[in-house]
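This note is written for a colleague who is meeting the structure for the first time. It treats the ligand site and then the salt bridges, as numbered points.

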Amino acid sequence: MRKLRLILGDQLNLQHSWFQHIDENTIYVLAEMRQETDYAKHNIQKVVGFFLSMRNFYTTIKKLGHQVTYFHINDTNNPQDLEKIIFLCIEKYKIEKFEYQLPDEYRLDEQLKSICSRLKIHCEVFDSEHFYTTRNELTDFFKGKKLLLMENFYRNMRKKHYVLMDDSAPLGNQWNFDADNRKKYKGEVPVPSEKNFHTDVSEVVSQIKKAGILTFGNVDLQNFSWPTSREQCLVVLEYFCKNLLKHFGDYEDAMHTDEKFLFHSRLSFAMNTKMLSPKEVIQCIIYHFHENETEISISQVEGFVRQILGWREYIRGIYWKEMPNYAKINVLNNTNKLPQFFWNGKTKMNCLSHAINQSLDDAYAHHIQRLMIIGNFTLLTQIHPDEVDAWYLGVYIDAIEWVEMPNTRGMSQYADGGIIATKPYVSSGSYINKMSNNCSKCYYNVKEKFGDKACPFNSLYWNFLDDKKEYFKGNQRMGMMLNLLHKMSPEELYKIKVKANEIINNMDSY
Ligand code: FAD
Ligand code: SF4
């Protein structure tokens, strides 16, 4: 029977059972298409990263002996639309059965179901064989529970998959070393430079330009740093284990103006495209830990495992539990627009300038920059979550909706009313000052609330609490901050609100 098998751009999983046997009656299809480049405006590096990784995957499976057809973005026979591509291949290759892997995005899941309902041949859907959990495992785990606490889910995952366990106890006798993961980075240990593949991407960039795809952000044509093949992804993984893991946990929450990546792994793109599986990443990390126990402490390793076995699987589960309503939710009724500096990086706020310029130049910012600098600012300035979501979905190389949206709309913008976060991640300048060296080099003064040089985060923070106090009044975790707000004199609060509204109405001049 002649089969057509679809491989989406984020399904580059060479270890999938599909690729373990060669069948000359099975034709695989990969397609660069406008449908995918245009549903959001992406950072140029994201488009480059996906196209190159897809092209490398095509070459690899072809070399293995599989039958593969590939649509390049400028091919004249490329219909640029998934449905048309599937119909075209079915006709051209006289296909009798269509197969695909479960997509991770709701949008594509719906589209493929709809295409299959109209095909006259048999269709079958396969698991992507990537995640630890199935789509609905989190929903089942939390059935009947009011709070969807990540920590409970994570402990269950540790037990179920016997990761960092010693019989029924957690290794090191502690489930969580979060409290040890909050060091400020002061240059006490040198940060090894990031693994950069220096790939020449001038050809693919000119193809993207020729196609007329609208992008933003910047790319160094001779020095594309991201891995775009499984071999390169494995190099990044090994580099992380050997050079960065030993300090990962300690500086997980730190920020530094001279160190864009600190001890972060930069493995999210490799995993989100499925060139690496979360299981092999975790196995590799644990192997390295056991080989080097005198050098690497359990707190570094647990901190890393928690991100992948805990947060990554949890976020995916929330996405499938809450979609499609999640994409529209805006419980705080925020309506403001993103300032222009999100697209050009021009702001005098040093913390934002670093985090945004890095996002535009590297298609990357680490978790705390995304959460406590950029997301903190957009929540305090009460930007519409649709605007925030669209920016995050476009700017990062690892941004795929299933992982981007719950992190942005939920964890960072509290637009879901606390499904993910028990309280909003907001802070004044003092947190940023505590966790980074940004403030010492800033135009603004982190200690001031009023005046031309006052740190904008300070008045914005109290203004946000005041604007949203009715919504948060029953939230115990907000009690202390709301008490402080209530103790503030009406005159001081008035001045704060005037200042904050001046900032919100003129964000681009700050
Ligand atoms: P490391 O710090 O080295 O962490 C290791 C791995 O853990 C990551 O590669 C990632 O796979 C996983 N991980 C860590 N935190 C999370 C998390 N909260 N959710 C899911 N996985 C996690 N991650 C994405 O992959 N794509 C996104 O679009 C994305 N958008 C985000 C938006 C916001 C507002 C926030 C606060 C976080 C977002 N994250 C996203 C999560 C996290 O910031 C990135 O996974 C991480 O910065 C990627 O860099 P890294 O590989 O160096 O991570
Ligand atoms: Fe950011 Fe305020 Fe610090 Fe400047 S002073 S870096 S704006 S927190």
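This is a predicted model: local features need pLDDT of at least 70, side-chain atom pairs count only at pLDDT 80 or more; totals for chains, interfaces and linings use all residues.

**Ligand site and salt bridges**

1. Ligand 1 lies between domain 2 (137-192 + 244-322) and domain 3 (341-509), because both domains give residues to the shell around it.

2. The shell around ligand 1 consists of 29 residues, and the closest are His 264, Ser 265, Arg 266, Asn 272 and Tyr 364. Sorted by class, the shell holds 14 nonpolar, 10 polar and five charged residues. Four helices, α9 (268-272), α11 (298-322), α14 (367-380) and α16 (401-412), each contribute at least two residues to this shell.

3. Several polar contacts to ligand 1 deserve attention. Tyr 364 places a polar side-chain atom 2.7 Å from an oxygen atom of ligand 1. The backbone also takes part: a polar backbone atom of Leu 267 is 3.0 Å from an oxygen atom of the ligand, and a polar backbone atom of Asp 398 is 2.9 Å from a nitrogen atom of ligand 1. On its own, ligand 1 has 810 Å² of accessible area, of which the protein covers 99%.

4. The model contains 36 salt bridges, counted with a cut-off of 4 Å between the side-chain nitrogen and the carboxyl oxygen. One of them pairs Lys 274 with Asp 104, whose closest N and O atoms are 2.4 Å apart. Lys 274 sits in the loop between α9 and α10 (278-291), while Asp 104 sits in the loop between β5 (97-101) and α4 (106-118); the pair therefore ties together parts that are 170 residues apart in sequence. Lys 274 and Asp 104 are both buried.

5. The closest N and O atoms of Glu 302 and Arg 306 are 2.7 Å apart, and both residues are buried. Elsewhere, salt bridges with shared partners link Lys 3, Arg 5, Lys 97, Glu 99 and Glu 124 into one network.

How values were computed. Residues are numbered from 1 along each chain as its sequence is written. Chains are lettered from A and ligands numbered from 1 in the order in which they are written. Side-chain values use heavy atoms; hydrogens and water are left out. A residue is near a molecule or strand if one of its heavy atoms lies within 4 Å of it. A polar contact is a pair of N or O atoms within 3.5 Å; within protein, one must be able to donate a hydrogen and the other to accept it, and residues adjacent in sequence count only if both atoms are side-chain atoms. Accessible areas come from the Shrake-Rupley method with a 1.4 Å probe; for residues, only the protein chains shown count as cover. Ala, Val, Leu, Ile, Met, Phe, Trp, Tyr, Cys and Pro count as nonpolar, Asp, Glu, Lys and Arg as charged, and the others, Gly among them, as polar. Domain bounds come from an automatic or database domain assignment. Buried means under 20% relative accessible area, exposed over 50%, partly exposed in between (1.4 Å probe, protein chains only).
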